[in-house]
Amino acid sequence: MSCHELSSPTTLGNKHELIKVAIVGNPNVGKSALFNKLTGGNAWVGNWPGVTVEKKTGRIVIEGHEVELVDLPGIYGLTPYSLDEVIARKFILEERPRIVIQVINATNLERNLYLTIQLLEMNVKLIIALNMIDLAEKEGLEIDINGLMNQLNILIIPTIAVKEVGVDNLTKAIIMELNSPPPFFKINYGPEIEEAIQRIERILDKCEIADVGANSRWIAIHLLEDDKDIEELFRKRGLEDVLRKVVEIKRDLQTRLGESIEVLMIEKRYQYILSLTQKYVKRRHVKESLTTFTDRLDRILTHPILGLMIFISTLYLLFKFSFDVASPLTNLLDVLISGHVHSFLKTLPLPTIISSLLADGVLQGVGILLIFIPNLFFLFLGISFLEDTGYLARVTFLSDKWMNKIGLSGRVIIPLLIGFGCNVPAILSTRVLGDDRDRRLTMLIIPFMSCSARLPIYLLFTLVFFKENQMLVILSIYFIGVTTAIITALLFNKLLFKGQTSGYVMDMPPYLIPSVGNIFAKSWERIKSFLVRAGSIIVIMMVIIWALSIFGPEGYLGVEALRNPDLLSRSWIASFSKLIEPLFKPFNWDWRVISSLLFGFVAKEVVVSSLSVLYNVEEADLSTVLSTSFTPLTAYSLMVFTLLYTPCMATAATLRSEIGLKNTIFIIIYELFIAYIMAYLVLSIGGLLL
Amino acid sequence: MGDNSADTYTGLFPLSIIEEGKTVKVVKIIGGRGLVRRLYEIGLLPGAEIEVVRNSKHGPVIIRNKITGTFSLGYGVAKKIMVEVMQ
Amino acid sequence: MKMINYYILSMGLTYIISSLMFILENVNIVKTGLSQVTPTDAGMALYFVTVGTLYNYAYFKSSEEVFGTSLLLASIMSIAFMFVQTLHYSLQLLDLIVSDSNIEVLFNLMRIEIVLGILSIPILLKERGNHI
């Protein structure tokens, strides 16, 4: 008896059972849009077990069946390359969803069908959502859906995700598929390979690998293709002798074929796909197809000079959009929170310590978060818009040449751009990078991208000391950040990450007009990931700092400490700052500045509000006080220090979950060190010049 | 390196130095297993014909495969794909 | 047909001249005092140069295929900038309610990038019809 059956086909149709459905597909096929339409926005984001990649899940009820939809990261085949792809494959293999929906881009059937073939070989119950069917028609493609459906023996539902066409049919198809038997599918790989597959299958039939989650033919095929994960699995089970026999069969086959087994097998799959498309797809010639339109745009947009000019201009507009448009809203929120809500909380009939906890601790933290949101939201709207038009793929292309010079691939540009908004989603977005080395190096330099939280600090100081050239000085700070990032990348290239980036492989999607709903959904998702990760940390840290400010070595100081600098100077925070004050002797910063920098570790723009508390003035009058205790030079060195000194709490927490505590601590220490050196350099070089 | 005219292309070249508009045949791909496999799966198998749509010389390239579509390959990848130029 | 070409040329030249004026002002050669028609910062000046180049490129390549594409991109960029600026200045009006900022922001709605953006709309509409 074979010891590796598919998941047992019992209890079908049991209405109380939760039916797991996975949604897979190549990148750029409209998978997320379809997922959002299927779940009606009713999705939540969790983590995949063991790793920290977000898992998007949504639950819907179809005809009384409870269905759990899981959105898997985009994949080209079942051989994983990036972290995202490892997860997609693991889910299909190990969690055995009852049904898999593959979203296919109808304009590029051949490449998409490659994944279909691989899924069918696994004998999963597959439904195909033939997406962007309208675009395919415009391209002059006529797809005989019925013919393809009969040939492959699976359901194919034409959809247009952005217009919500075909979504109902898709949910009906899920129910229809529930009780049907899994498809039987086989590609003939030719006599030599088939014989090898059978030999391996016979060996497998004698062993215990029941829970690999696939049939023995599939395992045999993947062993022939050197699938490292499967080999690893066998080793873990102590089945080395099986592997040894497989190696022998492979060697035997190799000599008979004279060519790479792997290449031949992939070729066979493509040959099969071509035989399908020749039969079921007709191509009409159209005058103005999407491809020719895209090609024409690309002639300018990827042009070495014009393309670069447009890229930089687009970047400029992106940042203008996110900062200028958001700033009136940020002001409005600021007035509301620190003004109205704050005084309202203070008037509540509560014990002073409680109302202070709410107003000065919790509300302060919530306020920080809310004030970020307009800024971040507009940046993410812009980035999502560019992403959905297809332009970001060109940006990757344009920047690859430059990124290569610092040992990174062009793909890194997108996380770095997001970093100017907020470092947290920037670090999360490195997951799409195929190369672990690129990923680590990028995470190391992301904190040097001056996020929007640091801008209020520059604004305050430049307003006081560099009124004439405010924009120029702020720009120079951003520039120092980028330069430090470049130096860091070069340095670590030499020291730790030997060698070059392995580069990127990316599909160039056609230019499309994006759907507004999808852009908003995407931006909201990114904002949410920031809120979820940063939110609780910032609020908790604000409460801790609040507590450290109203308590001191001598005990409870009273909530007045927050408004009274004499009391505050006896708090724990002040004591600690005074303790490390000698370290900052060269900068001439007193304990108040150091305290506010400590506060700034929570979220950098807190530096401003805490300075105003420590100097016991309203934020509006802070400039007068600062002009007496700083010179333009020391102010500039402080700005440089706040730019570089450490990733904020939320970023550190995200780093920790991505690359572990040890690496995070290393990054924090490295960045503190760099900040110290750079601030010192500013002081001494500036001192020489002035 | 960059001044190869059409007639001087004989033998194997890395994709990264091929001029725009040329059609080439993939001969072999050097590199890590994950990368090689990825390239195979998007149709860059040995023997496949591809068109160089855009080449920024010492930078990335954009290629087109009739079957699998248009791809952008980073410089690091383009260097590792050895091709021969057709006619 | 000729009319359209002149229209395109004058759009392109306006963008270029405007950014040239910005440069001249900033190296203190001339003080034009026409802040309404010059870019407000270096990034914007570069943006103007890019859009201007695309318009002029279209004019000089009017017999070639790239003509339409260049025009399409120029008009999209021009309108995008108008969109961002209009949104920005309109929201600033909102700020007037809560703070004491100046009513002068209203005049910003008549700045050059907004005017040029509006003038680009017919070009986009025409090109869009030709393309998709």
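This note goes through the chains, their contacts and some local features of a predicted model.

1. On conventions, residues are numbered from 1 along each chain as its sequence is written, while chains are lettered from A and ligands numbered from 1 in the order in which they are written. Since the model is predicted, local features need pLDDT of at least 70 and side-chain atom pairs count only at pLDDT 80 or more, whereas totals for chains, interfaces and linings use all residues.

2. Chain A is divided into domain 1 (18-178), domain 2 (191-283), domain 3 (322-452 + 470-503 + 518-536) and domain 4 (540-689), with bounds that come from an automatic or database domain assignment. Between the C-alpha centres of domain 2 of chain A and domain 4 of chain A the distance is 60 Å.

3. A residue is buried if 20 or more other C-beta atoms lie within 10 Å of its own, exposed if 12 or fewer, and partly exposed in between, with C-beta atoms placed from the backbone. Leaving aside neighbours within four places in sequence, the contacts of A:Ile538 include A:Gly365, A:Leu369, A:Val602 and A:Met649, where contact requires C-beta atoms, placed from the backbone, within 7 Å.

4. In chain B, strand β2 (residues 23-29) runs antiparallel to strand β3 (residues 49-55), to which three bridges join it, and B:Lys25 has B:Glu49 of β3(B) as its bridge partner. β2(B) also pairs in the antiparallel sense with strand β6 (residues 81-85) of chain B, over five bridges, and here B:Lys28 is partnered by B:Met82. Pairing requires that DSSP finds at least two bridges between two strands; helices (H or I, at least four residues) and strands (E, at least two) are DSSP runs, numbered from the N terminus.

5. Chain C has five helices and zero strands, and 34% of its 132 residues count as buried. Among contacts in chain C between residues at least 6 apart in sequence, 64% join residues at least 24 apart.

6. Of the two pairs of chains in contact, chains A and B share the most contacts, whereas no contact joins chain B and chain C, whose closest C-alpha atoms lie 16 Å apart. Between chains A and C, 22 residues of chain A are in contact with 25 residues of chain C. On the side of chain A that touches chain C, α13(A) gives the most, with nine residues.
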